[in-house]
Amino acid sequence: MTEITDMDKASKKIDSDIQIQGKIVGDLLFASGQIPHYSKTGEIVGAMVEEQIKQVLSNISAFLEEAGTNFDHVVKATCSFSNEGDFAAFSEFYQPFFSKLFPNRFTVEVAHLPKNVKIEIEVVVKLTR
């Protein structure tokens, strides 16, 4: 098992030393949840859900690129919303990131997300080595 903790392009951990950016187990990469913040400053991006969705997907894209993979290898995405009504906007921005079959997806509305953001997404990726 390998922990990923200090990728340059990917978003940095947001809370404490107990959070890692991801973990590789066999040929699977379990990426920690991404929220809409700039990787360099930690500043939350956007007040509107559309801006936040774009930033989260951008953060995931940077993480996957640095790990040597891309969205086509995502096998599962867990998407947490602070408002279930944002799901339609999410789907509009989410779909173009995939050129092949979509991964399994689990979505849930939660009462509270870190730093009061509107969305958090974590992914599981099959690595090709």
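In this predicted model, the count of aromatic pairs comes to eight. Start with Phe81 and Phe87. Their ring centres lie 6.1 Å apart and their planes meet at 75 degrees. An angle over 60 degrees counts as edge-to-face, so this pair is edge-to-face. Phe81 has 2% relative accessibility, so Phe81 counts as buried. Phe87 has a relative accessible area of 30% and is partly exposed.

Now take Phe87 with Phe90. The centres of these two rings are also 6.1 Å apart, but the planes are at 40 degrees, so the pair is tilted. Both residues belong to helix H2. They are three residues apart there, which means a separation of about one helical turn. Phe90 has 0% relative accessibility and therefore counts as buried.

Ring pairs extend this into a cluster. Its members are Phe71, Phe81, Phe87, Phe90, Tyr94, Phe97, Phe98 and Phe102.

In soluble globular proteins, nonpolar side chains tend to be buried together. Here the largest nonpolar core holds 25 residues. Ile53, Phe90, Ile121 and Val123 have the most contacts inside it. Two or more residues each come from strand S3 (28-31), helix H1 (49-66), strand S4 (74-81), helix H2 (87-94) and strand S6 (119-126). H1 gives the most, with seven residues.

Which residues does Ile53 touch, leaving aside its neighbours within four places in sequence? Ile53 is in contact with Ala89, Phe90, Phe93 and Ile119.

Notes
Residues are numbered from 1 along each chain as its sequence is written. This is a predicted model: local features need pLDDT of at least 70, side-chain atom pairs count only at pLDDT 80 or more; totals for chains, interfaces and linings use all residues. Side-chain values use heavy atoms; hydrogens and water are left out. A nonpolar core is a set of buried Ala, Val, Leu, Ile, Met, Phe, Trp, Tyr and Cys residues joined through side-chain atoms within 4.5 Å. Buried means under 20% relative accessible area, exposed over 50%, partly exposed in between (1.4 Å probe, protein chains only). Helices (H or I, at least four residues) and strands (E, at least two) are DSSP runs, numbered from the N terminus. Contact means heavy atoms within 4.5 Å. Rings of Phe, Tyr and Trp (its six-membered ring) pair if their centres lie within 6.5 Å; planes under 30 degrees apart count as stacked, over 60 as edge-to-face and the rest as tilted.
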